[in-house]
Amino acid sequence: MLRRSLGVLPLAALGVLPRSAGAQSAPFPNRPVRIVVPFAAGGTADVLARLVGDRLSAKWNQQVIVDNRPGAGGNIGAEQVARAPGDGHTLLLGTIGIHAASSIYSRLPYNPDTDLAPVTVLAEMPNAIIVHPSVPARTLRELIGLARQQPGALTFGSAGSGSSTHMAGELFMQVAGVRMVHAPYRGSAAALNDLVAGSIQVMFENVPTVPPLAQAGSVRVLAVTSAEPVSALPDAPPATQAGLPDYVATAWMTLAAPSSVPAPLLQRLNADTVAVLNEPPIQQRLAQLGAIKRGLSVDESRRFFAEETQKWTRVIQTADIRVN
């Protein structure tokens with residue numbers, strides 16, 4: 001009896017519960033693990049999933065497959081994970097848009113708050129507040145002053161209505177008490193082209209694309225939207241230190257699981273993922289991507305989700321952002 005009881009302990013430690021009184025589930029992972037990326041291959045979410053997936057594969061001695069399922073702002077892939085069995089073998093590379101900004105959609109076939117559980121917040125991706133060189137503002141305070149003096153005279157471009165770059169601009173206007181015109185584009189590349197051409201004046205753009213443009217003199221960087229400096233733009237102060245102490249607007253990425261995953265297995269997934277994030281090569285690669293490594297605990301991630309959801313829901317409601 002003692003030997004049998006001891007034999008059950010490793011399975012319980014892995015969060016795997018008995019299927020019946022006479023049978024036990026296999027330990028995790030017992031087959032390939034799938035990380036669903038709800039966006040096209042090649043983007044930051046895809047790169048991050050492959051970085052983390054490769055290291056988890058080595059740790060688990062099991063294949064980790066990255067499965068790109070783009071569409072509907074990430075909600076097609078997210079719904080697939082929400083409906084998957086809670087055995088830890090199907091995970092989601094989630095984003096702020098899925099977890100905290102779902103209120104921009106009038107109807108969703110799943111509830112990200114109740115159908116998905118955070119494994120961890122992987123990283124935050126700050127934006128850079130950039131302007132065309134013709135804009136007579138060399139600091140964030142000067143941009144705010146200019147926008148206050150000329151309400152509606154400045155136009156800011158984004159990657160599209162409801163995108164993180166759009167919401168960063170809306171939050172900026174609400175916190176700074178200014179009014180600019182929003183110009184939504186089909187992706188950041190088109191918006192950047194118009195900014196460089198001078199057709200629009202301001203953008204809240206993802207950090208990785210900004211340094212080459214700034215070095216060429218095509219744009220001027222005024223600040224970053226994180227609470228801390230960003231190594232990729234060392235001369236750009238955080239907005240919190242440059243005139244807007246209450247302004248933080250980062251896109252963030254998570255690893256999430258179906259909410260039916262047992263708590264012990266969720267903790268195991270968290271511990272292994274955080275260990276991977278703490279590896280120096282992963283941290284170096286995240287810095288190259290303009291990301292700030294997080295690796296929060298499950299409870300910390302839940303609190304982070306709740307705080308960010310409250311903040312962005314308020315922004316969405318105030319700006320009346322809707323995506324059909």
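Colleague: In this predicted model, which residues of H11 meet Val 47, Leu 48, Leu 51 and Arg 55 in H2?

Modeller: The model is a prediction, and residues count as touching when heavy atoms come within 4.5 Å. By class, the contact of H2 with H11 has five nonpolar residues, no polar ones and two charged ones. On the H11 side, the partners are Ile 282, Arg 285 and Leu 286.

Colleague: How do H7 and H12 (residues 298-319) pack, and what is the class of their arrangement?

Modeller: The axes of H7 and H12 are 10 Å apart, at an angle of about 80°. Angles of 65 to 115 degrees share one class, so the arrangement of H7 and H12 is roughly perpendicular.

Colleague: Which residues of H12 take part in the contact with H7?

Modeller: H7 contributes Met 167, Ala 168, Glu 170, Leu 171 and Gln 174. The residues of the contact of H7 with H12 divide into seven nonpolar, two polar and two charged. From H12 come Lys 311, Trp 312, Val 315, Ile 316, Thr 318 and Ala 319.

Colleague: How many cavities of 30 Å³ or more are there, and which element gives the largest share of the lining of the largest cavity?

Modeller: The count comes to one cavity of 30 Å³ or more, and the volume of the largest cavity is about 30 Å³. Its lining is made by Ile 96, Asn 127, Ser 164, Met 167, Ala 168, Ala 249, Thr 250, Ala 251 and Trp 312. Two elements, H7 and S9, each give two or more residues to that lining. The largest share, three residues, comes from H7.

Colleague: How many residues of the lining of the largest cavity are charged?

Modeller: The lining of the largest cavity has six nonpolar residues and three polar ones.

Colleague: What is the volume of the largest pocket, and which residues are closest to its centre?

Modeller: The largest pocket holds about 1,000 Å³ of space. It is lined by 37 residues, and those closest to its centre are Phe 39, Ala 159, Ser 163, Ser 164 and Asn 206.

Colleague: Which elements give two or more residues to the lining of the largest pocket?

Modeller: The lining of the largest pocket divides into 19 nonpolar, 16 polar and two charged residues. The elements giving two or more residues to it include both helices and strands. They are H2 (44-60), H4 (96-99), H7 (164-176), H8 (188-197), S7 (202-206) and S9 (250-258).

Colleague: Is Gly 290 buried or exposed?

Modeller: Gly 290 sits in the loop between H11 (280-288) and S10 (292-293). Leaving out residues up to four places away in sequence, Gly 290 touches Glu 124, Met 125, Pro 126, Val 207, Pro 208 and Val 230. Gly 290 and Met 125 are 165 residues apart in sequence, with 6.5 Å between their C-alpha atoms. Under 20% relative accessible area counts as buried, so at 3% Gly 290 is buried.

Colleague: What is the relative accessibility of His 89, and is it buried or exposed?

Modeller: His 89 lies in the loop between H3 and S3 (90-95). Beyond its neighbours within four places in sequence, His 89 is in contact with Phe 28, Pro 29, Asn 30, Arg 31, Pro 32, Val 33 and Arg 34. Its relative accessibility is 4%, so His 89 counts as buried.

Colleague: Is the peptide bond from Phe 28 to Pro 29 cis or trans?

Modeller: Pro 29 is in the loop between H1 (2-13) and S1 (33-37). Omega for the bond from Phe 28 to Pro 29 is near -10°, and the bond is cis.

Colleague: Asn 61 has a positive phi although it is not a glycine; is Asn 61 buried or exposed?

Modeller: The phi of Asn 61 is about 55°. Asn 61 is found in the loop between H2 and S2 (64-68). Its relative accessible area is 72%, so Asn 61 is exposed.

Colleague: What is the relative accessible area of Ala 72?

Modeller: Ala 72 is not a glycine, yet has a positive phi of about 55°. The loop between S2 and H3 (75-82) holds Ala 72. Ala 72 is partly exposed, with a relative accessible area of 47%.

Notes. Residues are numbered from 1 along each chain as its sequence is written. This is a predicted model: local features need pLDDT of at least 70, side-chain atom pairs count only at pLDDT 80 or more; totals for chains, interfaces and linings use all residues. Side-chain values use heavy atoms; hydrogens and water are left out. On a 1 Å grid over the protein atoms alone, a cavity is a set of points where a 1.4 Å probe fits but cannot get out, and a pocket is an open set with protein on both sides within 12 Å along at least five of seven lines; lining residues have an atom within 4 Å of a point. Grid points are joined across faces, edges and corners, and a volume is the space filled by probe spheres set on the points. Helices (H or I, at least four residues) and strands (E, at least two) are DSSP runs, numbered from the N terminus. Ala, Val, Leu, Ile, Met, Phe, Trp, Tyr, Cys and Pro count as nonpolar, Asp, Glu, Lys and Arg as charged, and the others, Gly among them, as polar. Axes are lines fitted to C-alpha atoms, for helices over the stretch in contact, and angles run from 0 to 180 degrees between N-to-C directions. Angles under 35 degrees count as roughly parallel, over 145 as roughly antiparallel, 65 to 115 as roughly perpendicular and the rest as oblique. Buried means under 20% relative accessible area, exposed over 50%, partly exposed in between (1.4 Å probe, protein chains only).
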